[in-house]
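Morning, everyone. Please bring up the model, and we will walk through a few residues together.

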Amino acid sequence: MTIERSLVIVKPDGYARGLSGEVLRRVEAKGYTLVALAVTTPTREMLAAHYAEHEGKPFYEPLLEFMSSGPVTAAVIEGQGCIPGFRALAGATNPTEAAPGSIRGDLGRDWGEKVQKNIVHGSDSPESSAREIGIWFPNL
Ligand code: RTP
Ligand code: MG
């Protein structure tokens, strides 16, 4: 595997619960490096670009509503295989199904809402990572 970068976001639910430090702790404990870090409330415009692949799906509008509802912690991390590596740290999309030991498995649950509030986002491929980092950290 080559050295790669991934965009990690502690979503509004994770930020509001004070889990940014816990997520970054796990990233660093795994051995990945923090390359960039910011707290920001994303605009709908940024989120429409970020989630373009999901446009038209039933959870798209609730997802944009949720993601623009408050501050998030956004980070670019770096390391060999960090794209699949962080996805493994995050666990399955649905926190109820995510394995214990993962971020979503240890810290997440179903809150009975329209969109899955699952604490973190992580890029799913080198192409997504390059695209997403361009949206969130255009100066990198
Ligand atoms: P992410 O993009 O946030 O890292 O998560 P993911 O790849 O595991 O999930 P993805 O399929 O890309 O979906 C993006 C986010 O949309 C919300 N979602 N809710 N049926 C639902 O309620 C539903 N499905 C997806 C989640 O917040 C998911 O992370
Ligand atoms: Mg995704």
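Asn118 is buried, because 23 other C-beta atoms lie within 10 Å of its own. The cut-offs are these: a residue is buried with 20 or more other C-beta atoms within 10 Å, exposed with 12 or fewer, and partly exposed in between, with C-beta atoms placed from the backbone.

A word on the source. This is a predicted model, where local features need pLDDT of at least 70, side-chain atom pairs count only at pLDDT 80 or more, and totals for chains, interfaces and linings use all residues. Residues are numbered from 1 along each chain as its sequence is written, while chains are lettered from A and ligands numbered from 1 in the order in which they are written.

Back to Asn118. Find it in the loop between α6 and β4 (120-122). Helices (H or I, at least four residues) and strands (E, at least two) are DSSP runs, numbered from the N terminus. Which residues does Asn118 touch, not counting residues up to four places away in sequence? Thr93, Pro95, Arg104 and Gly108. Contact means that two C-beta atoms, placed from the backbone, lie within 7 Å.

Take Arg104 next. Arg104 sits in helix α6, residues 103-107. It is buried, because it has 24 C-beta neighbours inside 10 Å. Beyond four places in sequence, its contacts include Ala90, Gly91, Ala92 and Asn118.

Now the record. UniProt, in an unreviewed entry, lists Lys11, Phe59, Arg87, Thr93, Arg104 and Asn118 under "binding site". UniProt positions are in the numbering used here, feature names are shortened, and annotations may be inferred rather than shown by experiment.

His121 is in strand β4. Is His121 buried or exposed? Buried, because 21 other C-beta atoms lie within 10 Å. Setting aside residues up to four places away in sequence, His121 touches Val8, Ile9 and Lys11.

Last stop: Val76, in strand β3, residues 72-80. Val76 and Arg5 are 71 residues apart along the chain, yet their C-alpha atoms are separated by 6.5 Å.
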